[in-house]
Structures are given as structure tokens and as C-alpha cells.
Amino acid sequence: MKKTNILFADNDGEFLESRSEFLEQEGFKVYKALNPTVAKDIIDQGNIDLAVLDLRLLNDNDDKDFSGIILAKQTTSSIPKIILTRYPTYEAVREALAPQLIGLPPSVDFVAKQEGPQALLTAIRRVLRFDKLFQQGINSLADRINEDYIDARKQAQVYFLTSLLAALTGILIIFVGIGLLMSGVVAAGVPGTIAGVILGAVGALFFKRADVGNERMDRYHSELLRIRQFENLLVACDELSLAGQQENSKIKIIEAATDLWLTP
Amino acid sequence: MTGKARFLLITGSPNSYWQSILSDALIPLGTLEATSEKDAVELVLRNTYDLIIVDATTVSGTPTLVTQMRSRRWDSRIVVATDSPTWTRAREAFQAGATDYIRKFLDKEELLAVLRIALAKVLPPWSRPQNPKERTS
């Protein structure tokens with residue numbers, strides 16, 4: 001199973017080492033950064049699942065140093081962030097967890113170092129559980145639609161083959177009936193022709209059913225395509241250079257998807 | 001924002017000094033109504049408020065109250081105000097769904113500035129209803 005990649009950014013090297021070791025023992029792959037520049041580079045490389053950012057990444061003695069939150073704001077919101085600090089204040093919590101004007105908070109949780117490694121682990125697991133649930137939701141929906149698509153395709157194929165068989169048999173019987181009529185065997189020719197016509201009609205009916213099956217297939221296919229487009233667009237947002245652009249684009253995509261899927 | 005905004009203060013201490021400051025501060029933006037913790041949920045279901053302010057110093061169980069408001073009104077902007085802010089209570093308030101957590105400023109200008117920002121905040125898109133009728137249900 002793929003390990004979860006965590007970025008751990010802290011300017012206290014000793015603390016960074018000990019907490020990273022703890023998280024690695026818990027089964028995570030930890031990328032370490034001692035300053036915001038290195039942390040940003042690691043995030044930009046794109047394989048981080050979650051970031052734990054120290055609040056004061058530049059200067060522990062500066063109570064105005066919110067560089068961890070600034071980094072959280074500057075980087076993609078698709079990576080959840082947890083702010084960690086030895087100096088928790090309500091102002092810092094406000095800065096970290098209050099929704100910004102655009103709607104999303106810079107980080108998803110705030111943990112004090114004094115709360116211990118277990119509190120950090122609980123916060124990480126809670127965030128990852130939500131992320132996993134979201135991905136599972138998308139995947140199970142796609143799987144379900146895919147199963148329905150396969151069912152609909154099978155059904156359409158059966159209808160098509162049945163209609164083809166019935167039509168061909170009908171045509172054959174009509175020809176035999178006409179042949180019998182022309183040979184003067186009226187008693188067998190008339191019912192034969194009628195039976196051929198009826199079989200032809202049955203074939204046409206099955207052909208119509210096959211058409212319905214094809215429409216269902218098209219519907220499922222376009223739904224599947226929409227889900228994939230939704231995922232691709234969200235991923236594409238992360239490639240935009242500015243955090244603000246990323247947020248705005250994501251909001252537009254989610255709103256459009258909400259309108260498309262949920263508006264009656 | 002066009003038109004006058006509607007504010008609701010949930011307080012355990014009606015007609016307090018801070019309420020009068022808040023009421024004065026909000027004059028440029030709209031009108032302030034006050035209610036108790038007990039009646040708040042029903043009132044929020046009946047009416048639409050642009051901003052709900054919870055006086056955390058005078059009501060008990062602020063996070064629960066915020067969660068109740070948020071679950072009943074997806075579009076609530078909720079500001080928790082307190083005399084003695086702490087980082088743990090701030091975290092609880094935001095995790096419950098508060099839009100902001102502030103000190104009970106006595107300065108009207110400061111109060112107005114903070115509430116103006118809270119009022120301008122866009123709510124996350126996934127909290128919007130599928131049917132606009134839900135707003136009034």
C-alpha cells in the first residue's frame with residue numbers, strides 16, 4: 001500500500017527530527033523542511049498528501065511571525081495543512097482557521113506542540129480520513145456508473161442480436177412464403193408470409209429496445225466522462241500559478257458541478 | 001452590500017453595555033436583534049439573518065450552539081465574541097463552523113471593521129443548497 005506523504009516544516013531541527021521519526025514509525029513518509037522556501041519547493045513538486053507547518057518558521061522569538069500560515073495561504077488548497085506551534089494564541093488560531101474572504105481557511109487544523117505527538121497524529125488521521133472519504137466517494141460513484149454502463153452495453157448487444165436474428169428469419173420466411181404462393185401452394189404460402197411479417201415486426205421491436213439500451217449507454221458514458229472531467233479540472237487548478245486563481249477556479253468548478261448534478 | 005443587513009445577537013445577558021455598543025456600531029450596516037440561547041434556534045429557522053453574533057461570555061456551550069445554527073442554516077455567518085479569548089476555545093469555535101472568533105471590542109470602529117469583513121466573506125460553495133427554496137424552509 002502506498003504510504004501517505006507528509007511535509008513537516010519546522011525551523012527547530014531537533015523537534016523536526018523527533019516528530020518526523022514518530023510519524024515515520026506511524027507509517028507515514030515524511031519530507032522535512034527547515035524553512036518556508038524548502039517547504040514550498042517540496043509542495044510544488046506535487047506528491048505531498050498533507051503538510052504540517054510550524055507557525056513561526058522564520059523566528060521563534062517573533063510573536064508577529066505567522067510565516068507558517070503565510071506559506072499555507074501561498075500554496076495550493078488541495079493539500080490540507082495543519083498549523084503546529086509552541087506559541088498558541090487565539091489570534092494565530094483565527095488567522096489559521098477562519099475562512100478567508102474567498103471562503104476557505106488557510107489550514108484545516110491547529111495543534112499546539114504542548115499537546116504532544118498523539119494530538120498531532122489524531123489531527124493528521126482526521127484530515128486524511130476526510131480526504132480518503134472524498135476520494136472513495138468519487139471512486140465508488142465512478143465504479144457504480146461503470147457497472148451500469150457494462151450492464152446497459154450487454155443488454156443493448158442482446159437486443160441488437162435478437163432483433164437481427166428475428167428480422168433475418170422473418171425475411172427468409174417471407175421469401176419462402178412468396179415462393180410457395182408462386183408455386184401455387186396458397187395454404188402454406190399465406191400463413192408463411194404472415195408469420196414472416198410478424199417476425200420482422202418483432203425484430204423491429206427488439207431493434208427499438210436496442211436503441212433504448214444504446215441511449216442508456218450514452219447517458220452512463222457521459223456521466224462517467226463528467227466525473228473524470230471534474231477530477232481533471234480540479235487537478236488542473238493546482239497547476240495555476242497563483243493561489244487566488246486556484247481557489248477561484250475550484251469554486252467555479254464545484255459550483256458548476258453542483259448546478260449540473262444537484263439542481264432538479 | 002446593498003440594502004440593510006439583519007444581525008442577531010445571541011446573549012445570556014440582554015441589554016448589556018456591550019449590546020448597546022454593538023447596536024450603535026452596526027447602525028451603518030443594518031439592525032440588531034437580540035435573543036436568548038434558548039430561543040435562538042427557532043428564531044434562526046424562522047428568519048434570515050446576514051450575521052449571527054454569539055456572546056460566548058454569557059451563553060453556555062458555544063460550539064454546540066454554533067453547530068446547531070450552521071446545521072439549520074447553511075448560509076449562516078457566525079461570529080463568536082468573548083471577553084476572554086483563548087486559543088482552545090477559538091479552535092473549538094472554528095471547528096464548529098464559526099466564521100470568526102473575536103474579542104468583545106469596546107471600540108465601535110474596531111467592532112464595525114471586524115463585522116464588516118465577516119459579512120463580506122463568501123461561504124464555501126459546498127454549503128449552498130441545491131434548491132433556493134431551502135433558504136426559506
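Predicted model: local features only at pLDDT ≥ 70, side-chain atom pairs only at ≥ 80, totals over all residues.
Trainee: Okay, chain A. What's the strand order in its sheet?
Mentor: The order is 2-1-3-4-5, in an open sheet of five strands with parallel pairing. Strands here are DSSP runs (E, at least two residues), as helices are (H or I, at least four), and both are numbered from the N terminus. Two strands pair if DSSP finds at least two bridges between them.

Trainee: Which strands stand at the edges there?
Mentor: Strand 2 (29–33) and strand 5 (109–112) of chain A. Each has a single partner strand, so one side of each has no neighbour in the sheet. On average, neighbouring strands of this sheet are turned by 20 degrees against each other, direction ignored.

Trainee: And how many bridges join strand 4 to strand 5 in chain A?
Mentor: Four, and the two run parallel; strand 4 covers residues 81–85. For a spot to look at, A:Ile83 stands opposite A:Phe110 in strand 5 of chain A.

Trainee: Switching to chain B. What's the strand order in that sheet?
Mentor: Chain B has an open sheet of five strands too, in the order 2-1-3-4-5, with parallel pairing. Its edge strands are strand 2 and strand 5 (100–103), and each pairs on one side only. From one strand to the next, the twist averages 25 degrees.

Trainee: How many bridges hold strand 1 to strand 2 in chain B?
Mentor: Six, in the parallel sense, with strand 1 at residues 5–10 and strand 2 at residues 30–35. B:Ile10 has B:Thr35 in strand 2 as its bridge partner. Between these strands of chain B the chain passes through helix 1 (residues 17–25), and this β-α-β crossover is right-handed. Right-handed means that, with the strands pointing away from the viewer, the path from the first strand over the helix to the second runs clockwise.

Trainee: What about strand 3 of chain B, which residues does it pair through?
Mentor: Strand 3 (residues 51–55) pairs with strand 1 of chain B over four parallel bridges, and B:Leu51 is the bridge partner of B:Phe7. Strand 3 of chain B also pairs with strand 4 (residues 78–82) over four parallel bridges, where B:Asp55 has B:Ala81 as its partner.

Trainee: Now helices. How do helix 2 and helix 3 of chain B cross?
Mentor: The axes of helix 2 (residues 37–46) and helix 3 (residues 62–72) of chain B come within 9 Å and cross at roughly 15 degrees. Axes are lines fitted to C-alpha atoms, for helices over the stretch in contact, and angles run from 0 to 180 degrees between N-to-C directions. That makes helix 2 of chain B roughly parallel to helix 3 of chain B. Under 35 degrees counts as roughly parallel, over 145 as roughly antiparallel, 65 to 115 as roughly perpendicular and the rest as oblique.

Trainee: Who meets whom between helix 2 and helix 3 of chain B?
Mentor: B:Glu37, B:Ala40, B:Val41, B:Val44 and B:Leu45 of helix 2 meet B:Leu65, B:Gln68, B:Met69 and B:Arg72 of helix 3. Contact means C-beta atoms, placed from the backbone, within 7 Å.

Trainee: And helix 4 of chain B, how does it sit against helix 3?
Mentor: Helix 4 (residues 87–96) and helix 3 of chain B have axes that come within 8 Å and cross at roughly 15 degrees. So helix 3 of chain B is roughly parallel to helix 4 of chain B. B:Thr62, B:Pro63, B:Val66 and B:Thr67 of helix 3 meet B:Glu92, B:Ala93 and B:Ala96 of helix 4.

Trainee: Last pair: at what angle do helix 1 and helix 5 of chain B cross?
Mentor: Roughly 65 degrees, with the axes of helix 1 and helix 5 (residues 108–120) of chain B coming within 9 Å. Helix 1 and helix 5 of chain B are therefore roughly perpendicular to each other.

Note on methods. Residues numbered from 1 in each chain as written. Chains lettered and ligands numbered in written order. Contact = placed C-beta atoms within 7 Å.
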